[in-house]
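Take a look at the structure below.

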Amino acid sequence: MKLAVIGLGAIAPFFLDAIERDPSLTLAAVCDLDDKKLAPWRERGLAVFTSHQELLDAGLAEGVIVTLPNDLHADVACAAMEHGVAVCCEKPMTITAADAQRVIETSRLTESVLFTAFHRRYNRNLLDLAAKLPADRTRIARVVHRYHENIEEHTGGDQWYLDVSRCGGGCVIDNGPNALDAVRHLIGDLRLIDATIGDVRSGTEFYAELDLVSTNGVQARVELDWALPTGEMKDIVVELRDGTVLTADLLDGYDAFKSSLAHEYSGILDGFKAAIAEGREYRDPGPDLVALVEEAYRVARRKETRLRMTAKHESVAKVVKSLFHARDDRGMTLSPWASRCVQAGEVHELVTTTDRPSVEGDRIDHVGFLGFAEFKNATVVERGDGVWLRGRRIGTVAGFDECHAPNHYNILIDVPLLFTASDVNLGIGAEVIFKEASR
Ligand SMILES: NC(=O)c1ccc[n+]([C@@H]2O[C@H](COP(=O)([O-])OP(=O)(O)OC[C@H]3O[C@@H](n4cnc5c(N)ncnc54)[C@H](O)[C@@H]3O)[C@@H](O)[C@H]2O)c1
């Protein structure tokens, strides 16, 4: 089969080398906007193009490898299929699910194969792990996949990775598809349960945690990190219901940087050839992974939480009156507010409770009184804030009772065992510190 490679950046050499190793494949042409990248190929007598459209019009290739920035995948893949050319497209297949549908529809109408390149599914250590798993996947309790790297070490120097409009996001859309595909390879189709992003820089997340479940009930967590100081960590832990733990380090045995990619990219080309042989029957997982990534962004961007990011500075409240009594019939009520703005100089009452109030109107009977404290700086006190005393976390803000408002709030603090000022030496002038949940 004659192939052309469109996009001669950081990842293209792994395809070019894999093509060279495979006697059934011939490189017929290459394409890149940057003429400097074409020069060595021109010197070797290969057909070179700066426009993918001209390459396709030349009719030199039966298949193309698309190794372009993410925002170009959909249009170039569709153009190739409209020329009757099979497409092997780097992940993510597209940025949006709508574009993925457009690509799949074009594949159907033109009867051309669209194959997404997920390289980790061909990783030898992943395949060894898969071979050790029980055939009955319901015997698996949980899979955790860590995909950690420093993004700067993986790019070709172009900054499109850090441009949300071109990349589609950060580590979720970049490493998510390969990581999710690897987990899917082990436990089957996945549904998203929860997603949290963090370390967001100019709209691009450098950290994310995705929680998923497979159709047969196996829990999975995918942890994506773009911000390792250096190096990579790509491993998978599988916990069976009987307590057995199986692991795979995807990079074990591949010490040199990116050295596992040689066998993985040969695997991609074998997969591409198999998909072409299957023809119309071939169903590419690309759109499912695009949809999972889109859903992860939808869930994560709606959340107030951003991991690894400080959203407010600590707030110090100085005790102006200690209280020493506890009660088990106090009858406070959880107010509807999850947060309250507090001005510098305001005094509020600090109350511990073991009642775990969570829903507006919950009654709070079991309380221990700590005292009244003056906030030294303006802040927003929120449910989930950590409450600290002398370097130790003593509880978590559960919410507010407003029976004394507008004079002051009772700030309710969840604790495992009730205590009052005398139990923790909370004397006049002691400083209670409120920190945001993630700190
Ligand atoms: N770098 C990696 O480790 C890696 C790993 C797996 C997958 N991928 C995927 O591979 C794709 C390419 O990534 P990369 O890291 O090689 O990017 P890159 O920026 O290094 O390379 C992209 C190349 O495309 C060329 N280009 C841009 N617009 C063009 C256009 N309109 N026509 C022709 N050429 C054009 C650029 O000149 C550049 O040479 C991305 O989808 C990425 O997600 C990259």
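Buried residues make up 39% of the 439 residues in the chain. Buried here means that 20 or more other C-beta atoms, placed from the backbone, lie within 10 Å of the residue's own. This is a predicted model: local features need pLDDT of at least 70, side-chain atom pairs count only at pLDDT 80 or more, and totals for chains, interfaces and linings use all residues. Residues are numbered from 1 along each chain as its sequence is written.

Now the overall form. The chain has 11 helices and 24 strands. These are DSSP runs, numbered from the N terminus: helices are H or I with at least four residues, strands are E with at least two. The radius of gyration (taken over C-alpha atoms) is 28 Å, well over the 22 Å that the globule rule gives for 439 residues, so the chain is more spread out than a compact globule. That rule is 2.2 Å times the number of residues to the power 0.38.

Next, the domains. An automatic or database assignment sets their bounds. They are domain 1 (2–118), domain 2 (120–257 + 284–302) and domain 3 (315–435).

Where does the ligand lie? Domain 1 and domain 2 both give residues to the shell around the ligand, so it lies between them. In total, 26 residues surround the ligand, each with its C-beta atom, placed from the backbone, within 6 Å of it. The closest are Gly-7, Gly-9, Ala-10, Glu-90 and Gly-156.

Conventions:
Buried ≥ 20, exposed ≤ 12 C-beta atoms within 10 Å, placed from the backbone.
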